[in-house]
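I opened the model and kept notes on what I looked up. The entries follow.

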Amino acid sequence: MRKTIAGLILIAAGVGLGLALVHPKAPPTGSMLRARLNADIASSDPGMKRDANTDAVLLHVVEGLVALREDGSVGPMLASGWTVSPDGRTYRFALRRGIRFHNGAPLSSADVKWSLDRYLAPDSHWRCKSDLSAKGIAAVTVINTPDPDTVDIVLDRPAPLFLATLARLDCGGTGITHRASVGPDGTWLYPIGTGPFRWGEWRHNQYVDLVKYDGYRPLPGGTDGNAGGKHALVERVRFSVIPDGSAASAALLRGSLDVLDALAPNELGTIAGAPGIMQDSAMSADFYGILLQTGAPVLRDVRLRRALSLSLDVAALTRVVTHGTGVPDSSPIPAANAFYGAAERVLVKRDLATARALVKASGYRGEPIELMTSHSPPEMYDAAILVQAMARDAGINIQIVSLDWATQFARYSSGDYQATMFGFSARMDASQMFGVLIGDRATDPRKVWNSPQAIDLLHQSVVTGDRAQRQQIFDQLDAHFRSEVPAIVLYNTRRVTALRTPVTGYRSWSAQTQRLWNVGLGNSR
Amino acid sequence: MKRPIHSLLGFGLVGALLVVVLLGLVWLPYDPLAIDLDHTLASPSLAHWLGTDEFGRDVASRAMLGARISMLIAIQTVVISIVLGTALGLVVGFLRGWTERVIMTFSDALLAFPGILLALALVAVMGSSRHSIVIALAIAYLPATVRVVRGSVISIREREYVEASRVAGDSALYTMWRIVLPNALPPILVLATSLFGWVILSESALSFLGVGVPPPLPTWGNMLSSARPYMYAASWLSIAPGLCIVATLLGINMLGDALRDRLDPRDN
Amino acid sequence: MISYVIRRLLLAVPTLIIVALMVFFLVRLIPGDPAQIMLGEGADPSAVAALHAELGLDKPVYVQFATWLRHVVSGDLGTSITTGEPVSTLLITRAETTGVVVLISVGLATLIAIAAGTVAAWRRGGKLDLAVMSGASLILAVPSFWLGLLLLLVFGVWLHWLPVVGYIPFSEDPWSAMLFLILPIATLTISESGVLIRMMRSSAIDVLRLDYVTHARAKGLAERTVLSRHVFPNAFAPTLTLVGLTLGRLFGGIAVIETVFTLPGLGRLMVTGVLSRDYPVVQGCLLFTAVIYVVVNLVVDLLYPLFDPRVTVE
Amino acid sequence: MSEQLLTIDNLRIKAGDRVLLEGLSFAVAAGERLAIVGESGSGKTLATRAIPGLLAPGLERVSGTIRFEGRELTALGERGLRSVRGAGIGLVFQEPMTSLNPALPIGVQLAEGLKLHRGLDDAEVRRRSIDMLARVQIANPEACLSRYPHEFSGGMRQRIMLASVLLLEPRLLIADEPTTALDTLSQREVLQLMVALTREMGTALLLITHDLGLVAEYTDRVIVLEKGVMVEEGETAEVLARPKHPYTAKLVGSLPRKDGDRAPIAPDAPAILRIEHVRVDYPGKAGLFRAGAPIRVIDDVTLDVRAGEIVALVGASGSGKTTLGRAALGLKPLAGGRILFDGNDIARLDRAGERAFRRDAQLVFQDPFSSLPPHLRIGEIVGAALRHVPGLSAAERRDRIRATLDDVGLAGFEDRRPHQMSGGQRQRVAIARAIASEPRLVVADEPVSALDVTIQLQVLTLLQRIQRDRGFACLFITHDLAVVEQIADRVIVLEKGRIVEQGPTDAVFAAPSHDYTRRLLAASPALALTETLAAQQ
């Protein structure tokens, strides 16, 4: 019996060791650029099951008819150009010639229609399906393919934001994929697109590898948003999943990473000045701030909301929590946005005297105000601590409710809070930035600002194509926002990317996404 | 064996800790919650012995206040866990039978639950606050306490003086309370000291995973976890609370050893 | 013996069912909605509802439980809500990482504990004993993740000896994998050896008092033979139990270490599962670790007679 | 007598500042059998450990020389000592349960010494091992080699131990209380084997014991130790018959003696305790879905204990006598039969009846160290049963406690705690606790077997006096027939859970009818010695 057990253990150990020795090592070939993701991608299906990481990775593989330019405008991608019918409802796209999918199949209008139909199908989870529906900016009524190089898309009403929507990152750039991306039973396999890199290997929670697509036909010019000329300068790109910020910085310092995008501000100290490390950065078109429930007890009083706003030294707060990278901002329109004008530029200054007076006038007696926050991102946590300390000076008693992100998000989504720290990622259009705040709370509890005037102004901004007119609308909205204080905007972030010195050609972008085309490794390892 | 050096060191460390906690009740170098955005991440100096943190708060003051809060959490958790665990362990170990089977099945199930994950989930359910951390950790450590108490009760139950109590006509409750419990106490006391250390470690691990005591109150655990990003740039931030934890645990464990040596009948 | 194994496994069924029940309801008690989290900040409410229906989250909880249990019994642990991978695949790949780290660490820690503990007991009260016990006490006082960070700082960042991040599956290339695993294994080995050393020392002290040790010496045996043949096997049995408990605990519990070293292990899978409310993953993980816990304890009990023939498994 | 094999001169051993052994000197000739006698704490074990240099850490030999076969052992290094250990001097310990390594098969443990000292090959080692096991009368010695110690009983293990030591053919065998932990029957067998084998091999025997019976029967010469000092030395027969030192006299006088003047119990005295067809089972090993087959420990026992009577319940270990005693007090569930106390079935008592029963029936335990709760004061311990006496005021209770303690010779001990007292004092406390509530029945479970001989006599005498004064009935459980002869009116012999013989003590001792009783009587060295001494006087 004893012998048997001992024997079994020995055998098991032997088999284990044997198995361990059998597998040979497969060395990677060619030059590899190593970048970091702070979480694994959600899927390989563009715009379907997604998050920012997913968008960033997949936009190396797939391309849409149009794409966002560096400045937030829309430029051609798979379409060489387009025309809009006089009624503003029909868009005609001319496809570029000679483009082939990664599997060698030529791109035709039928592929475009197949992809769009798939996005708009009833059972699709496409992120932008609701935008392109009757409830959204306009519904797609029909897609025609008069010839292999032409696509007509007909809408139910004119929509100035139609192209911008197609180009949106969170829509997956409305990337066009070959039908072989889907298996015979309709399940998604992997993306066969037209981008400068083709799909390599996805090791869940470890890495996503993309491989240079030799048959890529670049547009003329250099890096320009998701548009412009794209060249794969390395054989392979590896996005490693490294959730922990400190671990990622350590990896960069150690030389196990080449590109560390979205460096957490509190990691800057670690990276700054380290030998062999450079930085590149761009303002993000996002904003971070405090959402206030205008219907909640205590905060119902606009005087208290104003007092809170006036108690904050936004500039100092921004400097500390973003470690000098962020830009203090008081308007929902981010500094990187084209509509960030003179009115939006004005910062709310700390004014403790007025704040105290307002507090007194509101009859507030130190009732605790719960401020929800989480560690996602870490700066929000720090900002909450500073808001608490600064508001204390004005006699406002804030209690921090620290939650995990999922709980905070659930409570945000159901409007179950008094005040919450919150950030909105980059949306390239100013209407979208206001749109995250404005709406009817009764039907969408996520919205904090249900002023009819604001709702009306927001609607006008969407149906108007004229730039000057829109600027005027946004200035009005901004003024209204500052007097009502349904939220307090604190800052826009700067997206800092740390790079190892061999890396060339990297450009940060306000759209908050890393782009590894046109990026090379100076001296090949 | 007596290790006089160890127990002396234990008393010294725990004594020093108590002095710090008591001193912190009446005096702290700075307001540990006051931010000073002009002096963030200052390295240790005469003005700030242990430097300042990312909001310019005085690390020494925070470590002193943190000592109090960490202690409080540890004491509350240990008391709850030991009291509940002792009650359950006593009943289960003394009565045996189906009560034991039911309670031990639950206890085993809890034991099979990774402790830190259980605490994480419980804190997520209850919301992050000092009380939920205490409750979550107390529950996470309950099965271990029940096991230890039960084991000790079962061995005591077989002693002849317990039978003598029955012969004298005592009720089961009386025997449990007056005869078994006092003799089961030594291992429970030793467990309590170990538990104290584990709780401090677990609290810091929970903070590390992002569900510690909410700000602005400092604990050594959340100081350590918020210092993590500055590990390379401002190492004093992680070293101060880290050393506090190490020194406290060292002291407590050595006291526990001294206690164990004293209570160990073999050495008397 | 086989009937014993079967009996033990059957006896574990109630425990496992309780674990399953607890975890199932516990994760659903946590506020937060997996569908919402997945679809992100600006998602359309109708899309959230559709996803709910697709995931079966719109049904009453007891129906969900029954469905899940039925699938589990037929060997299907479901698919992850966030990644869409089968939970069983996730578990196997992640368990490999954790398993390698935990098994090697605990193995090393046990070897260290046997040597250091026996020698300390043998030289009880001497300088060597004092040194060993001081070391063990210090180890017990250091938070493991802090130790990990310090090691990372020293060996990864300052000395550049070892990679700081990254991972190669053990089954793919064990030698390269080891390079990434050295630091986590070192951290875990050190922090787990403290308790084991103390345990080994105290049971070796107990054994050294016993007559058969004196008897062995009275036969004229050398001290080395006395320690290795007469003290070690008997002193090791209680330590073995502790090793079993440690293994069971660590399989689900090295989330913190995995976070420090960014290892794709079970612990991190569970923590991210809880944080993203990925119900099937959390349920699968906990059931898995509970099964491991039961099995490890069973294996320890089966091994026990090797060291203490008085114990029989029947 | 030939040249001296071992000569010890002026051996002193200290533990810290405490002197444990003071100037011990003696010699052992080759082939001689010498006994060292003393009570616990006399230093007799220390002396034997000091000879092969195996003192426990913390103990120190301050002075003295130990010569063995002409070599000075204290001058040998560790290496030199190792060559003497085992090969020259063999050691057998008291506790067979811990003296063999439980993790190694018997064969390995036997072979170790042979390989080390004799350098024999495996086949020869095996042959000799089997041969030696056969000589110590182990059945199937070949199979024994691959078995583990736990598979053997205490007596068997002690034989294996003996085999393992004698295998090396040492010139001196030191046996430290080798049979104290064994029951009467195996005690005799092991000792006889030991004497026979040493005589055959010409090995000298140093027997350490507290049992004068063994000394008388098996040794030539005796040394008496009292608290680390040798008080007497001489030929065994001479020392026992005419002790010179008062301590030796006290030891000899402590042997149980028949008490002639016990008043006979009236034949019509009422039965206070009646055990009828009682059966007690222990649960067997459980299967998967069924409880295991129970093991019967008491099988259909019927007996009476009459008021004022002392009934001895005798049997070897494992005979079930302790279980029966517990069952009589309602402490073990019965598998059959019933127990009547005062004519009432104790399983069917109401609350008040239960309380009265607990007051009227008490128990004295064997081990005074584990039977007193260590955290309570003596007063509280003695007063435990009094808490349940109705209508007793606190003052009355204190008085009763004081009076009871007076009665057992512990006046003024109320506030002490058990650990501050000696074993004999503790056993007096245990007796006080049992009699405080003025019970009508006391079950005494081996009440003196854990005590030193001189204390045994005191406690036994005390118990006897109190019983006579208070007149309670007593069920006296023991394995020691000398004690039975001293105090019991009636004796009941139990073997494997069944009564094999019962009757008046004199009658049973004079003419045992059952074979088991006869073997018990024959194996009792103390009884033999008592009779020898009585005959000499």
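**Strand pairing in chain D**

I began with strand S6(D), which runs parallel to strand S7 (residues 172-176) of chain D and is joined to S7(D) by four bridges. Strands here are DSSP runs of E, at least two residues long, and helices are runs of H or I of at least four, numbered from the N terminus. Two strands pair if DSSP finds at least two bridges between them. Leu91(D) sits opposite Ile174(D) of S7(D).

This is a predicted model: local features need pLDDT of at least 70, side-chain atom pairs count only at pLDDT 80 or more, and totals for chains, interfaces and linings use all residues. Residues are numbered from 1 along each chain as its sequence is written, while chains are lettered from A and ligands numbered from 1 in the order written.

Next I checked the faces of S6 (residues 89-92) of chain D. Ile89(D) and Leu91(D) are buried on one side, Gly90(D) and Val92(D) on the other. Buried means 20 or more other C-beta atoms within 10 Å of the residue's own, exposed 12 or fewer, partly exposed in between, with C-beta atoms placed from the backbone.

**Leu140(C)**

I found Leu140(C) in helix H6 (residues 127-141) of chain C. Leu140(C) counts as buried because it has 24 C-beta neighbours inside 10 Å. I listed its contacts (C-beta atoms, placed from the backbone, within 7 Å). Leaving out residues up to four places away in sequence, Leu140(C) touches Gly197(B), Leu249(B), Asn253(B), Gly194(C) and Val195(C).

**Chain D against chain B**

I looked up this interface last. Here 18 residues of chain D are in contact with 13 residues of chain B.

Technical notes. Contact = placed C-beta atoms within 7 Å.
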